[in-house]
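Work through the exercises below with the sequence and the structure in view, trying each task before reading its solution.

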Amino acid sequence: MAEITVDLMSLKNGQETEDWYQLTGMTPMGEWGSLRLRMRYLDDLIMPCEEYSPLQQLLLEPELISVKALAELCHNDRVPLATSLLRVFRHEKRETELIKVLCQAEIARENETTTLFRGASLATTLMDLYMRAECFGFLQAAVSDIVMKILDSKQSAELNPTKMDVNDDACSNAEFLLQILDQVTQSIFTSPEACPRSVRYICNCLQKAVVAKWPSERLVRTRVVSGFIFLRLLCPALLNPRQFGLVNETPPQTATRSLVMIAKCLQNLANLIEFGGKEPYMEVVNPFILKNKERMIVVN
C-alpha cells in the first residue's frame, strides 16, 4: 500500500492544478513511482441548509432573472457556477428549464448563425455538464463499439503524411477510415432513442427558437443541434474516451491518432462543410461528407 502527500498550503483556493506526486509506501521496497493528479482545492464555509433558502428562492424565481444576471457576470471559470446551478435545479426537477432559458437568451443576443453556441458561456457549460451526466448510454450506443474496434485494430486511419509511420500505406489508411466513418455515422443515426428525452426536448426547443429568429436560414435547425451533439459530445468523447468512461486506459498513440481523424471528419460533417485545399490529404473524405450531409439536415 502506498500514499501521496499534498501540501494544501501550496494550492490556491478555487484554482485547478495538475502535477506529479511521489508515492511513498508503508514498507520499504525501493521506488514506488509517482501519480499525476488533476485537482481543484476548495475552502468553503458550509452553513445550515436553511441559511441558503433566500438564495435558492432568488435563483428559482420565475423567468430566472437572477440566473440570467449571473450568466452576464461570469466570464472566467464557469464550471463551479454551472455545477452549483445544475445541482440546485436538478433537485427541483427544473434543469431542462434552466438550460432552455439560458440557451434561448443566448440565441436572442446572437446576430450570426455561424457563431451560435461556438464560444464558451454559462449556457454552453451547463449543456456540456448536463449531456456528460445524462448521455453515457447514448455514447455507448453511438460510438463505444467504434472506439473498441479502433483499439483492437492494428490498422491506422491516419491521413496526414507528416504523422504517418514509416510502414503506413496511405490508401489502406484511407480505406479503413472511410469504412469506420460509415459505421460510426450509421451507429449515430440509428441511436436517437438512446439519447435521453430531456436532451432531445432541449434540442427541440432550441430548433424552434432559431427558426423563429432566422426563418430563412435552411441549415440553422441542423447546426444548432449538431453544435451540441456532435461538437460538444460525440467528438470530445472520441478524442478522450477514457475521460468519458468509454475505456479504462488511455488509448495507444496509433489508436489516438485514428480517433482524432474520425472526430475531425465528424466535425466537418456536423458543420456541413467539405475539406478544402489547406488539407489536400483530407479531400478523400469529401464523398463521405456529401453522401451524409442530407441525412444531417432537418427539413421539418
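**Exercise 1: the surroundings of a helix**

Find the helices against which the buried residues of α4 pack.

Solution. The buried residues of α4 pack against α2 (65-73), α3, α5 (122-134), α8 (197-213) and α9 (220-239), where helices are DSSP runs (H or I, at least four residues) numbered from the N terminus and buried means under 20% relative accessible area with a 1.4 Å probe, protein chains only. Among these buried residues of α4 are L98, I99, V101 and L102. The model is a predicted one, in which local features need pLDDT of at least 70 and side-chain atom pairs count only at pLDDT 80 or more, while totals for chains, interfaces and linings use all residues. Residues are numbered from 1 along each chain as its sequence is written, and side-chain values use heavy atoms, with hydrogens and water left out.

**Exercise 2: a loop residue**

Decide whether M282 is buried or exposed, and list its contacts.

Solution. M282 lies in the loop between α10 (253-271) and α11 (286-296). Because its relative accessibility is 0%, M282 counts as buried. Leaving aside neighbours within four places in sequence, M282 is in contact with L159, M261, K264, C265 and F275.

Methods
Buried means under 20% relative accessible area, exposed over 50%, partly exposed in between (1.4 Å probe, protein chains only). Helices (H or I, at least four residues) and strands (E, at least two) are DSSP runs, numbered from the N terminus. Contact means heavy atoms within 4.5 Å.
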